[in-house]
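Here is a friendly walk through a few features of this model. Please keep the structure open beside the text as you read.

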Amino acid sequence: MKTRFIILVLSIFLSACDSAPTKHASSKKINQIQLPAKKYLSQAKIPAKEHLKLAESAMARVNTNYQLADVNLAIFHYENALEEHQDNIFIQQAHYRALFVRDYVEHGFATKDLQQSYDELSWLAKKGLNPPSYVNFITASKKPTSLTALISILLDVISDQPNNANLWNTLSELYEGTETYWLAVAAAKRAHQLDTENPEYMYQLGDSINDIIQLQECNFDEKDYAISAVKHISKAAAKNPIQLYIDNTGLHYMNLGLFPLAYQSSKKAYDLEKNEWTIIHYLEASLLMRRYDEAEIAANDYIAKINKEDVLEDLAMISVSKNQWQEAANYMKKNIHSSNNILVELRTRWIHSLAQADYTDKDLYLIDSKSPWEDSVREFMRPLKEEERLAYESDYLLEKAANGCQLTEAYFYTAYWHWKKNNGTEAKRFLQITQKQTATRFTEYMWAGILENKL
Amino acid sequence: MKFICHTLLLLLFSIPVFATERMAPSLVEQAKISSSSAGAETLFSVHHSILDSRGHWSKTSYYSLKINDINAARDYGRISIPYNNYYSNAKLEFANVFSKDGELKPVSEDAIQVRSVNTTQDFYEDRNEIIFSLPQVEPGSIIEFQITKTTKVKAIDTVLTSSISPYWFQPLVAKDGFRADAVKNFSYQLTVPPTIEMHTKVYGNLPDKPKLEKTDSQYSHTWKWENVPELTIEASMPPSYEFIPSITSSTDTQWEKIDTWTWNKIEPKLVKTSAIDGVISSLNIAGNATDQDKIKAVFAYLQTNIRYVFAHLGRGGYEPHFPDEIINDKYGDCKDQTVLALALFKELGIDAYPLLVETLRQGKSDTSLVELIFDHMMVWIPATKTHEEIWMDTTGDYGLFPGASAYIQGQPAMIVNGKGGKLIQVNMDSQENLAHLDLNYTVNEDLNIIVDVEMLYKGAIEQNMRNWWQHDNNRDTTLKQTFTMIFEDKGQYKLSSEVLNAENIYEPFKIVGQFKFDALKNQDTPINLGVSVIQLIRVFGINSGLQIPKTRKNRYVTALPIKTKLTAKFEAPKNYRSALIQSAENFSRPYFEVQQKIESKGNIFFVEINTHQPPLNLSSVEYENYYNDMLKLGDTGAWVVNMQLDSDKLATNNITQLKNTEGENTLIYQVSLAKKHINSGDFQKALPVALRAVEIDNKNGEAWFVLGMAQGFSGSIEESQQAFENAKKLGFVP
C-alpha cells in the first residue's frame, strides 16, 4: 500500500448568487433557435462535459450579445448534460438560468415553463437562484419605472423566494434610493442574515446604518449606531479589502475618536486609490494623529487633484504645527475670502492675532448667520462695550449648546473668548476640553489639538 | 510466501561417466562475431543431455556472453549455478573471460565456491550453488562457462523429463528481476537409449523439427536456433511456456504415475495411532457435530498447534513425515500438515484427499507433458450434501478458514487418490476478492464532522492484508498512511484506528477507524461532503504503480478478478437539510468497470460505488488503453452532498417552543413570530402580529423596529418611519 493522498471534499459552501442581466438586448432582432446541424447530431454521442463547455460558451456570448439563438443553444446543451447528470445541482442551476434569460429576452415576463423548471428544483438549488418573478423585476428596471414601483415588484419577488440574500440586498439599495433609510437597514439586515459571509451585504448594512446616523442633527452623538455601522463595514473591508470599504472604515473610526485605527485604514485606502474622499480622510486622520508631514503630503495631493480652496484651513493648521504663523495667517485670509461664515471669520481672527499679522475684522453682523446656533456664537463673540461684555458669563455658549457638535464648538470659541480676555491659562484649559468632545472631525476639534501646544 | 512448499523442478539427473569436452568455438573465434545487441548477447548457448538406460541424466550446458555495456558488466559480475545435492552432482567444467584487449583469463580458483543456499526461515533442505566471479568483466569482454549436472538419486523412478531454454537467466544486480539476453546461436542435443520413448514439445515460434541421428545404442535429437531475441521479464506476464522458447521432453503424457508416486508416499502413513486418537480427543468434537464442524476443528488444531517447518535435510523433500512425528514435533511442512490432516479426517470419517498444487510462484505450466510441476500440497474435501467442496490449507499464518490462498485459483493441481488421480485447474468458485470501504458521515453536537470508517476484505485481498499486518514492522505507520488516502492529512482532523481479527481464523481481517474533523465555525456554515471512486482506488492501492505503457513488452496478464466497493452514508444533523449537489458517472470498459448510485431516505443519503476488474490478458495496445483509462478514473467525478442549517425549520421549531414555554401573549413570542413572517416574505401576515407585540410592550425598541419593517414592507412607509424612530428612541440599534 503506497502512500497517496486524496483531497477531502469538505469545504465551505458558498451559494452562487444570481447576477441579473444588466444589459438589455441591443437589437430587437431575435434569431430563431439554431440547433446543431444534423450531421453533428448523427455523430457519436457527445459527452456531458462537452455539452457543458458548449453551453457555457453560448451563455458567455449571451452576456454580450443577448441573442436568443445562443440562449436556446445553451439550453439545448444543458439539457443534454442533465441527461447524464440529473443530480448535479450546478447544471440544474445553469439550465434554469438559461431558461430565465430566454424568458427575459424573448418575453419580458416569466413563462409557465420557467415556473415549472423552478418548481422542480431542490430547495438548495433554489436558494442560489432568483425566482421566475424576477424576470418581471428586471424588465421593469430596464424601462422608465419609479423606484417605488420597482420596490413593490421586488417585494413580490421576495415573497416567492424569501431566502435569496441578493434580492434583499437589492431591495435595500432601492430603499436607499428613495431615502427610506430605515427600510434600507431592515432589508440589508435580512440579506446579511441570509449570507453572513458576503462582504457586499455587510457593507450595505453598515452603510445603511450610516444613513440613519446622517439623519440626526449631530451624527457624532450616535455612538451606538456608529459602532454598529463600523462593525459591519470593517468586516466587509476585512473580507474584501477594496478602497471604498477601507476608506469608510477609517472614516467611522475617526468619527468614533479611534484615531490610530482611523489613520491605519485611511492610509491603506489612500495607498490603494487617491480620490477626493481617500485624500481628505487621510489628511484628517494625519492631522488628528499629529502626523503633520503626512497631512501636508495629502493636502498637496488634494490641491493637485481637486482644488486648493477646500484645504486652505488644513494648510493653515499644518503651518501652525511648524510655527509658520505668517503663512498660516495667509492661508486663513485666503480661506475667508471663499468662505463667508461667522465661525470661519472667528478662527481667522484668532490665527491672525496669534500670528500678530494684520487683519481687518469683518463685522460679524454683516455675515449671514446660518442657524440660531451661529447667532449665539456671534452674540457671544461680538465686540462689546466693557459694561455689556460683563453681562455674559463665560459659560454662555456652553449652556446654549444643544448637542455634541455644538458643544465641541462651544468649548473652542469659549477658549478664544478667554484668550481675548488675556486669560491664556483658561484658553488652554478650554482647548483641552474641546478635544474631549465628540465632534472629532470638526475643524474646531482639530484646531484645538494644534493650538493647545502653541498658547 | 512461507506456506509454499518448496520442491525441486527440472532436476538434471546423471552420473559423471565421462569428462565433457568444450562444446563451442574458442573465444578467439567468438571474438570475431559482431554483436550489436545493447547490454549483452549470448553468443553460444549449447546443451547436451544424455539419458542412460538406468534413467540417469548427464546434462552439460555451455554459455558464452558478449558484454556490451557497463550495466551488463555489473549484472554478470557473479554467476550462480544452483542444484540440489541430494539428487544431483554439479561441476563447473571451466569458466573464462576473453578481455576486450584479447587476453584469455580463466576464473581464479579462489573465486569459486560451492555452498549451501540460504533459503527462507524454517527451511532445511539440500540446496547448493556453485558461484564464481570472472576477472575483467567489462564492456567489450566475453565470458564463458560450461557446467555439467549428473543424477545421484532419482526423485521419481517412473517418469523422466528434461527441459531446456536458450536463455541464461541472470539475476539483476539490484536483485529485482532477471535478464535474459538475446541468443545468437542455440543448440540442444538430446540423447536417449532406443528403449526409452520420449515425448517432446517445442514452445515458441522456432523450428520444432530436430535433426535425428540413430545408432544401435542411442537416438540423438538436435535442435539449432539462431538469433533468439532478448526476453524482457516484467510483472504480470502470461505463463512462461507462452513466451519463453523452450524444449521439453517427458516419457509420459498421462499423469497417473504422479498420482501413484504421491499416494504411495502418503497412504501408508494414514494409520490410526494413539497420538492421533489423543489429538481427536483434544478436539472436543460434540456428538452431533456436522462434517463442517469437524473440518473446522481439525483446521483450528493444525493452525494453532503445528508450526510450518520444512525439515528435509537428507530426505530429498518429497517424503512426508509420519503423523506421530508431526504431532510430537509440533511442526511440519505442507506435506506433513496434509498427512496429519488426512489422518485425522480418516479417523473422523471425513472423505478427504491430498491435493498437489503448482503455485503462482512456480509459474503456470503446460500440462500436456508430465513433469514434477507441483510445489505445494494441501487438502481437498469433496462436496457432500451438507457442504460445498473445501480447499483446506493450514500452512498460512492464521489464514482465514479454510486457508487456501486465493492466488492458486486457476492453477494446475492434482487430486491424489491412488486411482490415477485427477488433473484439474483450481476452481474455488466461492472465492470473491473484494475490498470494501464503508464511510459513515455524521456531525456531532460540537459541530465536528465525524467519519467512521470500516475496511472489510475478502479472498486474496483479505489474505494480503492479514499477511501485511503480520509481517510489516512498520505497520502502524502504513496503517495511518492508508487512512490518509481517504482524506488528505492537512492537520484538520484527529484520527483513531484499529485492526480487528488479525489473529482470528474465522472472521475476516478488518480495519476500523474514525476521523474527527475540526469543529465548524458555527451552525450556519454549510457543509459539503463527498466521496469518489478515487478514494476507493487509492485506499486499496488498486492498480497503483502500473508500468508505463511505452516500456511494456509482453502481454499484461492478471489471474484474479478484483472487486472493490465503497458505501457511504451521509446523515445530516438535527435541524439541517441535505441535498445532493453533484453526482458521479459510471465508467465501463472491457477491463475495468465502475458502477455508482445514490439513494436517499429522508435526510440521509447512501452512496454505493462498485468497481470490477476481471482477469486480464491484454496486448500492448490494450494495455496502453487500460493504463490511460485508469488515469481517467478521476474524471468520473465525485458525489457531493450539501448540508445546511434549515433556518425555516429551526425558526418554526423555535417559535413553537416559545409559544409553549413563554405563552402566546408574550412580547418575545409575538416579536419572533412577526420576524418569521417577514423573513418568509409574508409581510401582511406580520403586520397584526407586530402590532400586537407593540401593544404588549410599547417601550420595547425591537418590537417597534419589527413593526416598522412589517409596515414598510407592506407599503405603509410613513407609519413605518414613526415606528423606526420610536425604536431608536427606545435604544434599539440594528
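## A buried leucine and its surroundings

Leu256(A) has a relative accessibility of 13%, so this residue counts as buried, the cut-off being under 20%. Keep in mind that the model is a predicted one. As for its place in the fold, Leu256(A) sits in the loop that links helix 13 (243-255) to helix 14 (259-272) of chain A. Leaving aside residues up to four places away in sequence, Leu256(A) is in touch with Lys223(A), Ala226(A), Ile227(A) and Val230(A).

Asp70(A) belongs to helix 3, which spans residues 68-84 of chain A. With a relative accessible area of 12%, Asp70(A) is under the 20% limit and therefore buried. Again not counting residues up to four places away in sequence, Asp70(A) touches Ala58(A), Arg61(A), Val62(A) and Asn65(A).

The table puts the two residues side by side.

| Residue | Relative accessible area | Residues touched (beyond four places in sequence) |
|---|---|---|
| Leu256(A) | 13% | Lys223(A), Ala226(A), Ile227(A), Val230(A) |
| Asp70(A) | 12% | Ala58(A), Arg61(A), Val62(A), Asn65(A) |

## Chain A as a whole

How many helices and strands does chain A have? The count is 25 helices and 0 strands. Chain A has 455 residues, and 55% of them are buried. Its accessible surface is about 21,100 Å², with carbon and sulfur atoms contributing 49% of that area. Of the contacts in chain A between residues at least 6 apart in sequence, 58% link residues at least 24 apart.

## A helix pair in chain B

Now to chain B. The axes of helix 16 (residues 701-713) and helix 17 (residues 717-729) of chain B come within 8 Å of each other and cross at roughly 165°. Angles over 145 degrees count as roughly antiparallel, so helix 16 of chain B is roughly antiparallel to helix 17 of chain B. The crossing of helix 16 of chain B with helix 17 of chain B is left-handed.

Note on methods. Residues are numbered from 1 along each chain as its sequence is written. Chains are lettered from A and ligands numbered from 1 in the order in which they are written. This is a predicted model: local features need pLDDT of at least 70, side-chain atom pairs count only at pLDDT 80 or more; totals for chains, interfaces and linings use all residues. Side-chain values use heavy atoms; hydrogens and water are left out. Axes are lines fitted to C-alpha atoms, for helices over the stretch in contact, and angles run from 0 to 180 degrees between N-to-C directions. Helices (H or I, at least four residues) and strands (E, at least two) are DSSP runs, numbered from the N terminus. Angles under 35 degrees count as roughly parallel, over 145 as roughly antiparallel, 65 to 115 as roughly perpendicular and the rest as oblique. A crossing is left-handed if the near helix is turned anticlockwise from the far one by less than a right angle, and right-handed if clockwise. Buried means under 20% relative accessible area, exposed over 50%, partly exposed in between (1.4 Å probe, protein chains only). Contact means heavy atoms within 4.5 Å. Accessible areas come from the Shrake-Rupley method with a 1.4 Å probe; for residues, only the protein chains shown count as cover.
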